[in-house]
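Please read them with the sequence and coordinates open.

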Amino acid sequence: MSTPLRLGIAGLGTVGAGVVKIVQRHAALLEARSGRPVTISAVSARDRTKERGLRLKDYAWEDDPVALARRDDVDVFVELVGGDSGPARNAVEAAIAAGKDVVTANKALLAHHGQALAEAAEAADAVIRFEAAVAGGIPVVKALTEGLAGNDVTRVMGVMNGTCNYILTRMESAGLPYADVFQEAADLGYLEADPNLDVGGIDAGHKLALLAAIAFGTQVDFDSVQLEGIGRITIDDIRQAADMGFRVKLLGVAQMSGRGLEQRMTPCLVPAASPLGQLEGGTNMVVLEGDSVGQIVLRGAGAGMGPTASAVMADVIDIARGTRLSTFGQPAAALKPAPAASTGTPASFYIRMTLQDKPGALAKIATVLGENGISIDRMRQYDHADTTAPVLIVTHRTARAALDTAIAAMAGTGVLVGEPVAIRIEDV
Ligand code: HSE
């Protein structure tokens, strides 16, 4: 019999449990596809006594994931602990130092330390694979690293946080305000322990930074991702956008231009009829564009036991088969520091504001836009209150910087009530 590939699994939460179940349920399938058995030597988790509904008695137990990572009977360290520091980072570094391959679902760890870890892995002749870190069950890392390897990738887009997409689509379908649907998501257990990771766009920003590194051959640069969460999106925005043929999405966009690398994870309007516009509930979608392939769209579950464990196993099987890819698709030393774009690609913007309902108010706003070189495409007033009037403006293409200058100048007109909300309209 050929030599088994022996796993050490750190973290037995939802994903870890899913991986154990696949290894046990599909032993024959995994062996047939890998050309060798895939086995588990040892596991580790915070609480040994917790009932997980798993058969673990055949595996050694380690309280410390670092000890697990160093075990002689572990070939591949499967890190499903999470977090960009602490036990996850220590154990991954220990595994690499011991020359072991690593499979991880940890987007935060790689978004912050991906370059250093990739360099360390290559120096130790080990590989790091992270399909499960980006968009759960969607094989997007594989698609970019392998399937599109012959393309000059021009743009990567994605709805990669299911919780945000659930909140935005549920607000629209139920006509509920953000705060109510946020609470619903919390009650359903959809939110991360720190909800700002989801609704602040951080989790999805981590994923975008990883895809951008592969797509553009650059060092992971999460700090340059322009982040904006969904907390300021109102049911009004969603309704008005729908009325104009758009839907609101927390959309990640990465593209390289003469200005440098743009990485944005921000609320955007997309055409309601586009694949991104039709994405409902907690599902993820990634759109990849290359010079030869054109546009491809991948859609599927971005989280959950089965989908995420499926992605982990894809990496494990690759390693079992002897496939040894660089972490980000090319040797770590060849990845260049990302030149962060000083300005973004111009776009149309939707601006919602409330004005005092008095003569000349709208004219003052239009003047400020004109003075900043911003041309108005569409405009409407709706739902007048006693003394105020909500106003929507859709601009022609403009640079975000010009819009920000105009919005700052609007404060000086004396006709604004509260702060305007500006949402980019992405050309998808
Ligand atoms: N919290 C994430 C989401 C899943 O809602 O998509 C893990 O990244």
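1. Basis. This is a predicted model, in which local features need pLDDT of at least 70 and side-chain atom pairs count only at pLDDT 80 or more, while totals for chains, interfaces and linings use all residues. Numbering runs from 1 along each chain as its sequence is written, and side-chain values use heavy atoms, with hydrogens and water left out.

2. Domains. The chain is assigned domain 1 (5-133), domain 2 (140-302) and domain 3 (348-425); such bounds come from an automatic or database domain assignment. Taken over C-alpha atoms, the centres of domain 1 and domain 3 are 52 Å apart.

3. Six strands form an open sheet in the order 3-2-1-4-5-6, with parallel pairing. Strand 3 (60-62) and strand 6 (128-129) are the edge strands, each pairing on one side only. Strands (E, at least two residues) and helices (H or I, at least four) are DSSP runs numbered from the N terminus, and two strands pair if DSSP finds at least two bridges between them.

4. Strands 5 and 6. Strand 5 (residues 101-104) pairs with strand 6 in the parallel sense over two bridges. Valine 103 stands opposite arginine 129 in strand 6. Helix 4 (residues 86-97) packs on the sheet and touches strand 4 (76-79), strand 5 and strand 6, contact being heavy atoms within 4.5 Å. The direction of helix 4 makes about 170° with that of strand 4; axes are lines fitted to C-alpha atoms, for helices over the stretch in contact, and angles run from 0 to 180 degrees between N-to-C directions.

5. Positive phi. Most residues other than glycine have a negative phi. Aspartate 125, in the loop between helix 5 (107-123) and strand 6, has phi near 60°. Alanine 135, in the loop between strand 6 and helix 6 (140-147), has a positive phi of about 60°. Are these two residues buried or exposed? Aspartate 125 is exposed at 63% relative accessibility, whereas alanine 135 is buried at 0%. Buried means under 20% relative accessible area, exposed over 50%, and partly exposed in between (1.4 Å probe, protein chains only).

6. Threonine 413. This residue is in the loop between helix 14 (400-410) and strand 16 (416-425) and is buried, with a relative accessible area of 15%. A polar atom of the threonine 413 side chain lies 2.6 Å from the backbone oxygen of methionine 410. Not counting residues up to four places away in sequence, threonine 413 touches Lys364, Ile365 and Val368.

Terms used: A polar contact is a pair of N or O atoms within 3.5 Å; within protein, one must be able to donate a hydrogen and the other to accept it, and residues adjacent in sequence count only if both atoms are side-chain atoms.
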